[in-house]
Amino acid sequence: MMITESERSRLRDLLSMLREGEGGKYVSGEYISRALDISREAVWKYISMLRRRYGYRIDAKPRVGYMLVHRPDKLYPWEIMLELGRSDMVKEIIYYDEVESTQDVALRLAEQGRDSILVVAERQSRGRGRASRRWISPEGGVWFSLIIKPRISVRDVTLLSLATALAVCNTINGKFNLDARIKWPNDVIINYKKVAGILIDMSIEHDTINYAVVGIGVNANVSIDSIERMIGHADKNHYYGSTSLMNELGRAVDRVMLLASLLRELEHIYSRLAYKDEMLAAIRATIMLGPVHVIEGEGDDDALTIDGVAVDVDDDGSLLVKSDGMVKKVTSGYVHVRYV
Ligand code: BTN
């Protein structure tokens with residue numbers, strides 16, 4: 001069912017008032033109607049909408065008011081906006097209960113010249129991973145794509161993916177006290193298992209980036225058993241194990257809080273992209289180094305492989321791998337790195 005832009009902003013304002021009293025205080029209907037400049041009937045209409053259509057539990061006491069008892073575990077745009085606050089990076093949110101891929105929706109909008117849009121979904125039926133692989137996206141994850149116009153040179157695109165992975169690590173580590181690391185060039189792992197993946201599609205003209213669509217999938221509250229069951233045989237080629245935040249923490253996380261914190265961190269890190277030394281230092285402190293097996297190409301028989309030890313990240317973002325006494329530069333592309 002469609003909801004208009006003004007209904008959406010009313011819901012947000014109403015929820016922001018109800019949140020103040022969440023779990024303990026009633027907010028009077030009269031107060032809400034005055035503050036939002038709508039009739040008491042309209043207040044009731046929005047309360048019913050929140051309850052029936054969106055699954056909120058709101059207690060209503062005659063002559064006293066309304067109390068928010070329970071918020072559904074959904075990434076509703078008004079919830080994200082309330083948690084995020086002011087943002088220059090996200091001006092609009094497009095929400096789906098289910099969509100084929102948020103990345104494809106965002107790409108179509110970016111091609112029309114749209115910017116600063118977040119596309120988010122509870123589930124994706126055709127989630128895309130890197131190198132045309134599938135990305136399993138059941139309920140409980142945080143699956144989103146963001147249109148940005150980064151002011152960086154094409155030469156620094158690897159840094160953009162590393163910086164994005166850094167933002168994911170910082171958020172996970174800061175909020176949940178875990179040890180998430182960047183798996184070069186843009187996966188996020190905890191104990192060698194993948195907890196989040198990043199896919200960046202870009203439109204480039206000459207040496208400038210017209211736009212980038214940053215797609216991020218975080219296994220937040222997904223059950224790992226269900227992911228492993230859904231992974232087809234073909235995808236197992238490059239598979240090295242998955243985990244989720246719920247799996248690591250033994251409890252579900254607040255996905256709205258996670259997404260809003262991640263967006264704030266991305267906005268902060270993207271604003272620092274030009275400070276390359278600072279960015280590289282943070283990336284170097286968060287990247288997983290050590291013994292690796294690198295496969296260039298799609299793993300066919302004649303694919304180039306390197307066995308060595310990942311020792312550092314070069315200034316342009318490539319991975320430096322020491323092998324046979326030499327340091328080799330692994331640049332981004334169809335490269336698969338496996339820790340051994
Ligand atoms: C990878 O690790 O291969 C990248 C995974 C990227 C998944 C995200 S989920 C949101 C967005 N929509 C997609 O279809 N893919 C990205």
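Which residues make a nonpolar surface patch of about 220 Å²?

Figure 1. Val309, Val311 and Val327 make the patch, which covers about 220 Å². Patches are built from residues with over 30% relative accessible area and no salt bridge; like charges are joined within 9 Å, and nonpolar side chains (Val, Leu, Ile, Met, Phe, Trp, Tyr) within 5 Å. Accessible areas come from the Shrake-Rupley method with a 1.4 Å probe, and for residues only the protein chains shown count as cover. This is a predicted model, in which local features need pLDDT of at least 70 and side-chain atom pairs count only at pLDDT 80 or more, while totals for chains, interfaces and linings use all residues. Residues are numbered from 1 along each chain as its sequence is written, and side-chain values use heavy atoms, with hydrogens and water left out. Val327 belongs to strand β13 (residues 326–330). Helices (H or I, at least four residues) and strands (E, at least two) are DSSP runs, numbered from the N terminus.

Figure 2. Is Val330 buried or exposed? Its relative accessible area is 1%, so Val330 is buried. The cut-offs are under 20% relative accessible area for buried, over 50% for exposed, and in between for partly exposed (1.4 Å probe, protein chains only). Apart from neighbours within four places in sequence, Val330 is in contact with Trp184, Val294, Ile306, Ser318, Leu319, Val321 and Val335. Contact means heavy atoms within 4.5 Å. Trp184, one of these partners, is joined to Pro185 by a cis peptide bond with omega of about 0 degrees. Pro185 sits in the loop between β6 (180–183) and β7 (187–190). The C-alpha atoms of Val330 and Ile32 are separated by 59 Å, and the two residues are 298 residues apart along the chain.

Figure 3. A pair of aromatic rings is described by the distance of the centres and the angle of the planes. Rings of Phe, Tyr and Trp (its six-membered ring) pair if their centres lie within 6.5 Å; planes under 30 degrees apart are stacked, over 60 edge-to-face, and the rest tilted. The count by this rule is eight aromatic pairs. Tyr54 is in the loop between α3 (40–53) and β1 (57–61) and Trp78 is in helix α4 (residues 77–84), so the pair ties together parts 24 residues apart in sequence. Both Tyr54 and Trp78 are buried. Ring pairs link Tyr54, Tyr56, Tyr76, Trp78 and Tyr95 into a cluster.

**Figure 4. Helix α5 and its cover.** In helix α5 (residues 102–111), seven of the ten residues are buried. These are Thr102, Gln103, Val105, Ala106, Leu107, Leu109 and Ala110. The elements that cover them include β3 (92–99), β4 (117–124), β5 (142–148), β8 (193–205) and β9 (208–218). Asp104 forms a salt bridge with Arg128, with the closest N and O atoms 3.0 Å apart. This pair links Asp104 in helix α5 to Arg128 in the loop between β4 and β5, 24 residues apart. Asp104 is partly exposed at 25% relative accessibility, and Arg128 is partly exposed at 31%.

Figure 5. A salt bridge is a side-chain nitrogen of Lys or Arg within 4 Å of a carboxyl oxygen of Asp or Glu. This rule gives 28 salt bridges. Arg255 and Asp73 meet in one of them, at 3.1 Å from N to O. Arg255 lies in helix α9 (residues 255–271) and Asp73 in the loop between β2 (65–70) and α4, so the pair ties together parts 182 residues apart in sequence. Arg255 is buried at 1% relative accessibility, whereas Asp73 is partly exposed at 48%. Arg272 forms a salt bridge with Glu278, with the closest N and O atoms 2.7 Å apart. Arg272 also lies over the face of Tyr275, at 4.2 Å from the ring centre. A charge sits over a ring if NZ of Lys or CZ of Arg is within 6 Å of the ring centre and within 35 degrees of the ring normal.
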